[in-house]
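Walk through this protein fold step by step. Keep the sequence and the 3D view open beside you as you read.

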Amino acid sequence: MRLSQAYQPTLKEVPAEAQIASHRLMLRAGLIRQTSAGIYAWLPAGLQVLRNIAQIVREEQNAIGAEEILMPTLQSAELWKRSGRYDAYGPEMLRIQDRHKRELLYGPTNEEMVTDIFGTTVKSYRELPKMLYHIQWKFRDEIRPRFGVMRGREFYMKDAYSFDASYEDAEKSYYRMMLSYLRIFRRLGVQAVPMAADTGPIGGNLSHEFLVLAPTGESGVFYNNDWDSIDWNSLPLDPKKDEDLDKLKDLVANSYAATDEKHDEASWAKLPDEKRREGRGIEVGHIFYFGTKYTESMGVEVSGADGAAFHPHMGSYGIGVSRLVGAIIEASHDDAGIIWPEEVAPYKVALLNLRPGDEVCDQLCEEFYALKPDAILYDDRSERAGVKFNDADLMGHPWQAIIGPRGAKTRTIELKNRASGERLELTFDDAIAKLGLK
């Protein structure tokens, strides 16, 4: 994309309403604009980040056998009355009526709807297990929306739901999903640690929150620093093998990790000082086993091997896709702007033409840009070099390719790595090889 033609309205001034770094930088870099309290329009660069995150989520969910569906944003109140949650859910739920006086709601979550869909289509234990997910907009009427997309009223979320014949099978689905989440967050370039979470009035012992480490996190976190060194995408754990799921279960059980709400000083004291990590965390995902709560309340049964009907066991698994955009920025920025991980960035390379109008400089820039226009944001504007450098740092693309008239004469390109600040002077061919643009 040519920046002279792109709709990316950057701001020089820090917006007064923005209280945290991610909100300030998303507004300044032209990723979002607020349309009302807690509701944002996503501009092209921000939308591309949202899509990149969603695609990684899809790939990793599909890899464990989850199947994507798409449920509507509006739900019938009757479904929630069947489960008993319609009156119990608080004022965060947006309740409406259509012209026929039918009660509807804008979905804050989807347990009732997916249970109903499952119950009308699956009738036998032979069809289990099932794992369904969707990525959809949701609405919760927060009383005080703040921090931009971190705590908005409308948000983009991935929900998955598992259906199993027994607790033992449900536990396998739970740890299969946990492995998928750990791989998702690793690919997103953030350090996310699964921490034991409250299960609420349902009880049980299967509930984990995933927290991205960031100084502005709302929760205090305490964990064994072994979590920092694990590359989940290269670790030889197969989600289809029970023995590998058992290994993950043991690792989670034996590697301390808890938020301040669940922190246990006695267990913490047993860790050597060099193994202790403390900090702040932002919740970006939650996995939860709730057994037969919804299948029982909504009368969903399947027939077992002995012909007797039973209620399938369920789990719910959420990732805040739009919240992750803010969380990634909170965890990865500096005073100059955003520092995007490579798989998330709207563009891999910002191409800076330092002398538009110079024939040799323009020609080399055009040759570079033509290699992969979808991966390159070409700053072809008639602006001073300082403006281009500042905007490139603000927008945070992983690499900057800088072409000036002197280097253009010898087909030399300066590459700057946004995260490390490293600068390299390379020939044109070596530069495109380094960036993987061939």
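Helix α2 passes helix α9 in a right-handed crossing. (A crossing is right-handed if the near helix is turned clockwise from the far one by less than a right angle, and left-handed if anticlockwise.) Helices here are DSSP runs of H or I with at least four residues, strands are runs of E with at least two, and both are numbered from the N terminus. This is a predicted model, in which local features need pLDDT of at least 70 and side-chain atom pairs count only at pLDDT 80 or more, while totals for chains, interfaces and linings use all residues. Residues are numbered from 1 along each chain as its sequence is written, and side-chain values use heavy atoms, with hydrogens and water left out.

Stay with this pair. Two packed helices are described by the angle between their axes and the distance between the axes. Helix α2 covers residues 44-63 and helix α9 covers residues 321-331. Their axes come within 9 Å and cross at roughly 110 degrees. Axes are lines fitted to C-alpha atoms, for helices over the stretch in contact, and angles run from 0 to 180 degrees between N-to-C directions. The two helices are therefore roughly perpendicular to each other. (Angles under 35 degrees count as roughly parallel, over 145 as roughly antiparallel, 65 to 115 as roughly perpendicular and the rest as oblique.)

Which residues of α2 and α9 meet? From α2 come V49, L50, I53 and A54; from α9 come V321, S322, L324, V325 and I328. Contact means heavy atoms within 4.5 Å. By class, the contact of α2 with α9 has eight nonpolar residues, one polar and no charged. (Ala, Val, Leu, Ile, Met, Phe, Trp, Tyr, Cys and Pro count as nonpolar; Asp, Glu, Lys and Arg as charged; the others, Gly among them, as polar.)

Helix α9 also packs with helix α1, residues 21-28. Here the axes are 8 Å apart and the angle is about 105 degrees. So α1 and α9 are roughly perpendicular to each other. A21, S22, L25 and M26 of α1 meet V325, G326, I329 and E330 of α9. This contact of α1 with α9 has five nonpolar, two polar and one charged residues.

Now turn to the strands. Strands of a sheet pair through backbone hydrogen bonds, either parallel or antiparallel. Two strands count as paired if DSSP finds at least two bridges between them.

Look at the pairs in turn. β4 (residues 74-76) joins β6 (residues 103-106) over three bridges. There, L74 has Y106 as its bridge partner. β5 (residues 94-97) joins β6 over four bridges. There, I96 has L104 as its bridge partner. The hairpin of β5 and β6 has five residues between the strands, and K101 takes a positive phi near 65 degrees.

A second open sheet has five strands in the order β20-β19-β21-β22-β23, and its pairing is mixed. Its edge strands are β20 (376-379) and β23 (423-427), each pairing on one side only. Neighbouring strands are turned by 25 degrees against each other on average, direction ignored. β19 (residues 349-353) and β21 (residues 399-403) pair in the parallel sense over five bridges. L352 has I402 as its bridge partner in β21.

Two helices pack on this sheet. α10 touches β19, β20, β21 and β22 (412-417), and its direction makes about 165 degrees with that of β19. α13 touches β19, β21, β22 and β23, and its direction makes about 125 degrees with that of β23.

How do these two helices lie to each other? The axes of α10 (residues 359-369) and α13 (residues 428-435) come within 12 Å and cross at roughly 30 degrees. They are therefore roughly parallel to each other. L364, E367 and F368 of α10 make the contact with F428, I432 and L435 of α13. Five of these residues are nonpolar, none is polar and one is charged.

Finally, step back. The protein chain has 13 helices and 23 strands. Its C-alpha trace spans about 80 × 60 × 40 Å along the principal axes.
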